[in-house]
Amino acid sequence: MKRNSFMTFLIRGLSTRAVASAAACALLVACATNQGEPVKAVPTMPALPVVSITPVATPAAPQVVKNAPVPQLQRRPSLAAAAEGASKPAFGWKTLPELIGAEKAQLFYTFVTPEVNTLEAANVQLLQRLRDKWDGAAQGRFTVLHFGDSHVQGGYGAQISRHKLQSLMGSAGRGMVFPYAIAKTYSQNDYKSSFEGEWVTANSIQVYPKLPLGVSGFVARTASTQSAFTLQFNQQFEPGAKVLKFMYRSTSAAYRLRMQSGDLLWESELQGDDGSQGSSRMVEIAVPQLFDVIRFDVVNADPKPEDTFELHGLSIENKTPGVIYHNLGVGGAAYGALRSQAYFEAQSSLLAPDLVILDWGTNDLIYKNTVPEQLKATIVETIRKVRAEHPDALIVLTSVQDTYFRKQPITATWDFAQLIRRIAQENDCLLYDWYRVAGGADAMRTWYAYGLAQPDHVHLSGTGYAIKGDLLAQAMLNAMSWRKNNPDKTSLWVDAQQAEVPRSVSAWLKALQPFQLRPDLIRVSAPVKAKSKATAANAKTASRHGAKANQSKPKAAVKSTTKSKSSKSQKTP
């Protein structure tokens with residue numbers, strides 16, 4: 001949340017195979033320039049037949065070409081033999097019972113009841129539409145876009161939500177990924193990345209991004225003749241054919257993209273834009289299977305000084321029906337983030353969401369402990385932007401958990417919980433009142449006491465985020481079940497409550513004490529020192545995320561220069 005600050009991330013047994021080591025990650029990473037060694041030339045591979053590439057117009061929705069010819073893949077056993085590292089474990093669902101133990105999980109599910117943990121709808125027809133879309137996933141697809149901040153980007157919650165829903169309705173794929181190492185930030189928890197070449201980046205924590213952003217909230221641009229990035233996942237993918245939707249923009253048709261995974265090798269020319277009016281494009285890479293390590297090389301065969309290539313991310317999808325859950329979190333982002341995405345309309349239409357979760361708020365509140373005057377207008381504007389492109393998609397608004405900043409309570413979280421409830425009702429959105437489900441006022445101290453939150457009392461531990469992710473998925477299931485059992489009801493709407501709800505998560509922790517108790521840091525903390533000028537400046541900058549644009553200049557993009565740089569998956573967000 002706070003620029004140039006670091007936090008220690010704790011792992012609390014996300015799986016039986018998880019390591020119990022701690023890793024330090026930057027919450028927000030300074031825009032810095034590193035000068036590295038020049039990249040060695042990539043050996044030239046024989047050209048393969050060219051795949052038809054689907055252009056994505058901006059701002060109009062893209063026209064996807066049906067039955068486009070796909071190049072024949074080459075299989076090279078020598079490539080698999082030369083791959084670095086041992087083979088990863090076979091694919092397996094990550095579940096809450098695996099994490100905290102079956103007995104504790106059963107008591108947890110019994111304690112936190114559906115009456116407390118549910119999506120809410122002032123208009124019950126929203127729940128009927130949700131049920132219809134969910135039922136359609138058996139033969140088609142149920143797509144979730146989950147936008148948010150560091151609570152989302154780290155991936156622990158999104159992974160548990162994804163796997164819980166997919167285990168019930170089938171898996172349509174992993175979803176969007178991005179090589180976060182280029183952006184000098186932490187990765188999602190199930191993979192790490194590395195890169196080669198010179199890149200400049202931007203993301204949606206910036207009020208005025210220097211580069212046009214894609215739906216992932218990140219962009220990386222290179223002018224290098226040869227550059228590359230690698231994604232290394234913690235476990236194998238599910239068996240079966242995959243399609244990789246690679247989203248990019250290039251200013252020259254001389255660029256070629258090469259993808260290697262295991263013994264599979266794919267290569268194609270890329271379409272480029274002539275002139276300054278650029279648009280986002282997408283190329284589909286179809287493979288019969290996918291291995292845990294995926295490498296992409298971008299080579300300019302006829303370089304010119306003005307040539308550039310931009311990466312916006314890629315979606316890894318199965319060719320089977322089911323659920324696909326896209327984690328689109330950006331650490332440090334606030335509610336103004338979505339409107340800074342130049343390619344939101346074009347790229348989100350490729351993902352075709354059924355459910356869009358808008359999960360910001362913490363960064364709008366914590367620096368001044370107040371709800372900004374413009375925040376309601378910003379939230380409504382964001383809802384309208386989503387609805388303009390996806391009128392049939394359902395939108396979920398979330399409240400934020402009780403929080404501390406610099407060991408002082410952020411009482412504005414309660415004000416925000418009331419505001420987001422009114423906005424959801426007025427704009428026909430679903431509501432997930434996480435403030436109430438987590439435990440209401442002062443719940444964060446209880447979460448920390450039982451190891452579910454970080455010492456900063458803003459972020460959760462890996463286990464804490466996993467519990468949150470499980471509850472979010474279960475809340476959706478609970479709401480659909482309620483609709484089925486109450487066909488005559490006109491709304492599912494709960495009164496806002498600041499005090500602890502008897503069947504909330506914090507009440508469960510106090511009643512059953514499922515984890516070892518830790519000392520209370522808030523009670524023993526020293527008085528908070530006055531903010532420095534630098535801290536005040538950072539707070540002022542952050543508060544502008546929810547405000548309207550002013551006349552200040554755009555921030556510079558982050559520059560990354562290296563031969564081979566790695567960003568490990570985040571241990572805790």
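## Arg174 and its surroundings

The side chains of Arg174 and Asp190 make a polar contact at 2.7 Å (a pair of N or O atoms within 3.5 Å; within protein, one must be able to donate a hydrogen and the other to accept it, and residues adjacent in sequence count only if both atoms are side-chain atoms). A polar atom of the Arg174 side chain also lies 3.5 Å from the backbone oxygen of Met176. Arg174 is part of strand β6, residues 171-177; helices (H or I, at least four residues) and strands (E, at least two) are DSSP runs, numbered from the N terminus.

Arg174 counts as buried because its relative accessibility is 9%; buried means under 20% relative accessible area, exposed over 50%, and partly exposed in between (1.4 Å probe, protein chains only). Leaving aside neighbours within four places in sequence, Arg174 is in contact (heavy atoms within 4.5 Å) with Arg162, Gln188, Asp190, Tyr191, Phe233, Phe237, Ile316 and Tyr325.

## Basis and confidence

This is a predicted model, in which local features need pLDDT of at least 70, side-chain atom pairs count only at pLDDT 80 or more, and totals for chains, interfaces and linings use all residues. Residues are numbered from 1 along each chain as its sequence is written, and side-chain values use heavy atoms, with hydrogens and water left out.

The average pLDDT (the predictor's confidence in each residue, from 0 to 100) is 83, and 76% of the residues score at least 70. Residues 1-70 have a pLDDT below 50, yet this stretch has 189 contacts in the model beyond near neighbours in sequence. The pLDDT is also below 50 over residues 569-573, a stretch with 37 such contacts.

## Nonpolar cores

A nonpolar core is a set of buried Ala, Val, Leu, Ile, Met, Phe, Trp, Tyr and Cys residues joined through side-chain atoms within 4.5 Å. The largest has 76 residues, of which Phe147, Phe246, Phe296, Leu358 and Leu397 touch the most other members. Helix α10 (residues 412-426) gives the most to this core, six residues. The core lies between domain 1 (68-80 + 88-104 + 178-319) and domain 2 (112-172 + 321-516), because both give residues to it; the domain bounds come from an automatic or database domain assignment. Apart from this core lies another of 62 residues, including Ala105, Leu165, Leu472 and Ala507.

## Helix α3

In helix α3 (residues 102-111), Ala105, Phe108 and Phe111 are buried. They cover an arc of only 130 degrees around the axis, so they sit on the same side of α3; the arc is that of the directions from the helix axis to the C-beta atoms. Ala102, Glu103 and Thr110 are exposed on the other side of α3. The buried residues of α3 pack against α2 (96-100), α13 (462-485) and α14 (505-512).
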